[in-house]
Amino acid sequence: MKTALDLCEIDGGMSAEVGGKAANLGELVRAGLPVPPGWVLTTEAYRQVADGLDGALDELVAASGTSGGTAAGGSSGGAALAARARALLLEASVPGAVREEILSRYAALGDDVPVAVRSSATAEDLPFASFAGQQDTYLNVVGGEAVLDAVRRCWASLWTDRAVAYREAQGVGHDRVRLAVVVQAMVDARVAGVMFTANPVTGRRREAVIDAAPGLGDAVVSGAVDPDRYVVDVATGEIRERRPAAPPTANGAPPHAGPAQAGAEPGMKPGAESGAEPGAESGAEPGAEPGAEPGRPCLTDAEARELAALAARVEDHFGAPQDTEWALDHRGTLWLTQSRPITTLYPLPESRRDGLRVYFSFNVAQGVMGPLTPMGLSAVRLFGAGGAALFGYGPADPLSGPPVMAESGQRLWLDVTTAVRSRAGRVILPRLLTLGEARAKVVLDGLAGDPRLSVVHRDVRPAVRAFARFARRVHAPKLVFQALARPRAALAYTARVGEELEARLRVPDGATPAERIDHAARTLRTAFPAVLSIMPIVVTGYGLFALASRLCGTSMAELQDVLRSVPRNPTTEMDLALWGLAGRVEPEPFRTEPAEKLARRYRAGTLPPAAQREIAAFLRRYGHRGVAEIDLGVPRWSEEPAHILGVLSNYLRADRGRMEADGTAPDALFARGELRARAAVERAVSAARRRGPLRAALTRYALGRTRTYAGLRELPKFHAVRTLAAVRASLLAVGAHLAAEGVLEAPEDVFFLRLEEARAALGGGDLRALVAERRQAYERESRRRHVPRVLLSDGTEPETLIRPAGGHRDGVLTGTPASAGTVTGPARVVLDPVGAHLEPGEVLVCPSTDPGWTPLFLTAGGLVMEMGGAMSHGAVVAREYGIPAVVGVPDATRRVRGGQEITVDGAAGTVTLPAAPDQPSASTTSA
């Protein structure tokens, strides 16, 4: 490998040789875009220097244990190792041939030409992680020796604490990273800055956002100045926003300016990522150029449009939105000094229809923020195809899912454009979202005034016909009548659905892999309509709850106690069964051994006898469940019981005697909740009696039916997850066959294929590389912290355009009331329930929940969720347990710190934070 290359010799496939920054610059040059002249010292030079340290860097990587990207840099020991690596590189001698290459190439640029010396790491400017600003750049470097010193400092910056920590956060091993160095002639800049080819705040594509300031562009990148901002529509050139920088402060410094950068050596200036030269405005006539006077814009409108047009060329070349840095010289020539992907934008759903589309996150609705495996996506599409058929909109190809279903970021989205643009939809959709995802309703309400989304479907008859078809196909009239008049028959029907499903899930003995795949496709397509037929009974129960509210003159919010501790909810039954199990097993080894070891002992059958027996019985009943259980590709508790055994250990570590004595044990709370529910019914009946005896009788009847059916709300999902678990077990057998044939590495790899791909794979081939690539993509998506509730097809996240409802005012976060009561206690912020531990009384703060989270509810003092509505899963279970809960609180997991003592008011829908950080303390609850 050469030790140096001109930029014109480089393309985007050479990042291993020249790093991400240089590879992108080479691409810009090849595309004919304006880039300052320069060259690259390749990773071969870094390798020679590192090898010259007699393996010292390799020893440091091995000693830190970070070759796979684990967290060493987060500890003081890891920081010390990084500091030692920097010192070694700063002290290293540059090999003679490399030294001569640097000096000769610098001299070829001209006599004492000022240059930018810029780090270009192999793990940099990647499509999934930009690594922006993690390594160092030095600007205005003059002289060969100064360039040599800057190169050495760039090499050392590969081991800054921030670079080490960022690699670990992105799962990039230190042993896989090398550094190249870009050397470019400086631009004699009048103005410089950064430009995004898509709006990084709203997500809107083809909307250039330009930040500009006079002179050196690194001040814009680093945030040392308040820049002018321009927002330009790339397609039309319309300037949608002009925001000049705030005027300088009284002492002459620009607002937000930080202290001058320290550590600059003679002949160099530490900088950010722009090649603009400092002081470039000298020589201009005062007031002759934009930006020369305080408060005057840096750019003319024509220059802003020219930049936006350049943004379009850059994005079109790379095929994805870009974060660029640029400079405009005194001759009016634009230069690009960097381009990298914008990694924070949420990817666009693949649209099947023209025009602006509105997408609602299926994942958010299901409480699963992470991605779905390819097989999991196939399963949900088949479920969706079966559900759409009930309304008369079944797709021609069930494997593709219904037309309203789209995929993006390995998550599923529902195209709700037709509902948003129809009279019927604007009535029905907000009511549904109020129950399931209240914040999404606020977001969609904000789109009502968008002229691009005006009402075009005024005829309500298609919606009425679709719902009539659904009602007929799920036998709704008959089931509603049974629910009203014959509750035993209605409950017997729900039991019969479960029995029939059990028979449908059985795979014939001796089934071939092809027959198993066909059975899986058929089962997934037909099971969902069957289990969905329970919903008319559930809806009848909640409809009677609303009727009772009107009969007695009491709001539904005030009647929430009626919904406490309802029977027949399989999720609460599961949680209470686990709590009861904790009282019947031997305390040891659960109080001392980690969950993984307990799981190994369970599989080996070496747990104490009672524990082995009781856990096996629990898993026979509930082992099909799990965290993110709607994903067919995720292991069930019966396969990987470590999580549920960890929860069991937490229960056994709790002071059960004290909890039973003071009545805070979950089973006691559930029993007390039932008494409170009965008392609430009596209060409602008394209120109705004051309006007449018939009202009182109807209220008692209605609320009795409500409590009979409300718990069944969780039953369809319980059966759906049973279906997924059975199909998963059958497909594991298919995976074992494919692994034996050499098509896959392991049976579990089958879940990184789609169902149709697994069918095709039975014909042979080698899919191991494809599976490895998909696993890596899945892991990257698993680290994504932000998933929009609603997304437009132009990339806009509408939630960024509206004021949060309540938001963060005076230390109060506002969401949707979900379960009445007030609790004050230390917050426990949990992003993943696996391995999480909640002390009794702590307030659980999380993104969202599905049934796999609910064992944590038994010891929680309260619940705060970023997603959800009054009828979302977490809200329903919290009410049944009598836990104060607020849902739909934007960014709760970032605004609340673990250990903060917070107050949750489940009736008002507020979360109050302390004025100053407090130490965790015991929680107090009032209801």
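Arg204, Asp450, Arg452 and Asp794 are joined in a network of salt bridges, a salt bridge being a side-chain nitrogen of Lys or Arg within 4 Å of a carboxyl oxygen of Asp or Glu. In total, 52 salt bridges are present in the structure. The model is predicted, so that local features require pLDDT of at least 70 and side-chain atom pairs are counted only at pLDDT 80 or more, whereas totals for chains, interfaces and linings use all residues. Residues are numbered from 1 along each chain as its sequence is written, and side-chain values use heavy atoms, with hydrogens and water left out.

Side chains of opposite charge can pair when their charged atoms come close. Helices (H or I, at least four residues) and strands (E, at least two) are DSSP runs, numbered from the N terminus. Both Glu781 and Arg411 are buried; buried denotes under 20% relative accessible area, exposed over 50%, and partly exposed the range in between (1.4 Å probe, protein chains only).

Helix H29 also contributes Arg768, which forms a salt bridge with Glu745, the closest N and O atoms being 3.9 Å apart. The pair links distant parts of the chain, 23 residues apart, with Glu745 in the loop between helix H27 (715-740) and helix H28 (755-761). Arg768 counts as partly exposed because its relative accessibility is 37%, while Glu745, at a relative accessible area of 57%, is exposed.

A further salt bridge is formed between Asp6 and Arg105, whose closest N and O atoms are 3.0 Å apart. It too links distant parts of the chain, Asp6 being in strand E1 (residues 4-6) and Arg105 in helix H5 (residues 96-108), 99 residues apart. Asp6 has a relative accessibility of 31% and therefore counts as partly exposed.

Strand pairing was assigned where DSSP finds at least two bridges between two strands. Strand E20 (residues 822-829) pairs with strand E24 (residues 901-905) in the antiparallel sense, over five bridges. Within this pairing, Asp905 of E24 is the bridge partner of Thr822. E20 also pairs with strand E21 (residues 843-846), in the parallel sense and over three bridges. Here Arg828 stands opposite Leu844 of E21. In a regular strand the side chains alternate between the two faces of the sheet.
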